[in-house]
Amino acid sequence: MAAQDWQDTSHCGLDVSQFLKRLAMVTIGVFDSGVGGLSILDEALQQLPHHNYIYFADSANAPYGDKPPHWIAERSLQICRYLMEQDCSAIVVACNTATAEAIATIRSTLDIPIIGVEPGIKPAAMQSQNGIVGVLATEATLNSDKFNALLATLPEHCQFIKQAGAGLVPLIEAGLIETPEMQALLRSHLKPIQDLGADTLVLGCTHYPFLKKMIRAIVGDSMTLIDTSDAVVRQLLRQLHQQGLIVSSKHSPKLSLLSTSNADTLEAMAERLLHRDLSKYAIYTKTLTL
């Protein structure tokens, strides 16, 4: 580590030995209503492979998209408090619905970096050739003040077709991804977007990147698919750099998979959906009551 980096850590009141101990224990929390946030975790494991991770799936309460806003805000804060108590140095709220309803409250309450996710409608507006963009998201996300405030900042010439993906999350949570039922449901959700001539589709829920292959089979090459996983993790990377919390040593990192429903099911889904080699991680699983 460069001398300047050591100097920067002294401003935090840490000597070299304290900083090294802190660095060795850097843990990133990733939280979602279920398995959707694994799409964010997958990208994080690619860009930041030496950190420890705690993935929290609130699968007992999934999906969040049909829950009242006040419930989502309170529950999301409760989970983030729990992750902070587990010594997480930063937390990714890897749920579009939780970000829309709770991110401001979480950031004002907790004093660690909190990274949210939101539908990539801004890059979609920039990339669209014909100015017609489909947004596939949960009902709660599409109705949220945060989403509609963002929508209001975008060019008026761009038409956004908002489509709630009702029923998609429960099927993904059940592992029923490449099934006739999923294909039929996806076709029904994508048809209004296709009929209006969209050339760009925003995947506005972290569960939906797991449907890319099936979506592509339905829409062909007629649409550009916008997935913000990479952008979210790059923001996490920037925040960790600012805090001096980038781990580059090749110690054996830990991956904890926590679920409020069934941790064994979560582990099986992680092995199925993640594209990274998990053999280098010490994996810990637990089913929680929270």
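Predicted model: local features only at pLDDT ≥ 70, side-chain atom pairs only at ≥ 80, totals over all residues.

Student: Which residue in β7 does Val133 stand opposite?

Tutor: Strands of a sheet pair through backbone hydrogen bonds, either parallel or antiparallel. Here, Val133 stands opposite Thr200. Strands β5 (residues 132–137) and β7 (residues 200–203) run parallel and are joined by four bridges. Two strands count as paired if DSSP finds at least two bridges between them. Helices (H or I, at least four residues) and strands (E, at least two) are DSSP runs, numbered from the N terminus.

Student: In what order do the strands of the open sheet lie?

Tutor: The order is β6-β5-β7-β8, four strands with parallel pairing. Strands β6 (159–164) and β8 (224–226) stand at the edges with a single partner strand each, so one side of each has no neighbour in the sheet. On average, neighbouring strands of this sheet are turned by 20° against each other, direction ignored; the axes are lines fitted to C-alpha atoms, for helices over the stretch in contact, and angles run from 0 to 180 degrees between N-to-C directions.

Student: How many aromatic pairs does a search of the whole structure find?

Tutor: A pair of aromatic rings is described by the distance of the centres and the angle of the planes. The search finds three pairs. Rings of Phe, Tyr and Trp (its six-membered ring) pair if their centres lie within 6.5 Å; planes under 30 degrees apart are stacked, over 60 edge-to-face, and the rest tilted. Phe56 and Tyr82 have ring centres 5.8 Å apart and planes at 65°, so this pair is edge-to-face. Because Phe56 lies in strand β2 and Tyr82 in helix α4, the pair ties together parts 26 residues apart in sequence.

Student: Is Phe56 buried or exposed?

Tutor: Phe56 is buried, at 0% relative accessibility, and Tyr82 is also buried, at 17%. Buried means under 20% relative accessible area, exposed over 50%, and partly exposed in between (1.4 Å probe, protein chains only).

Student: Where does Asp87, with its positive phi of about 70°, lie?

Tutor: Asp87 is placed in the loop between α4 and β3 (90–93). Although not a glycine, Asp87 has that positive phi, and Asp87 is exposed at a relative accessible area of 52%.

Notes. Residues numbered from 1 in each chain as written. Heavy atoms only, no water.
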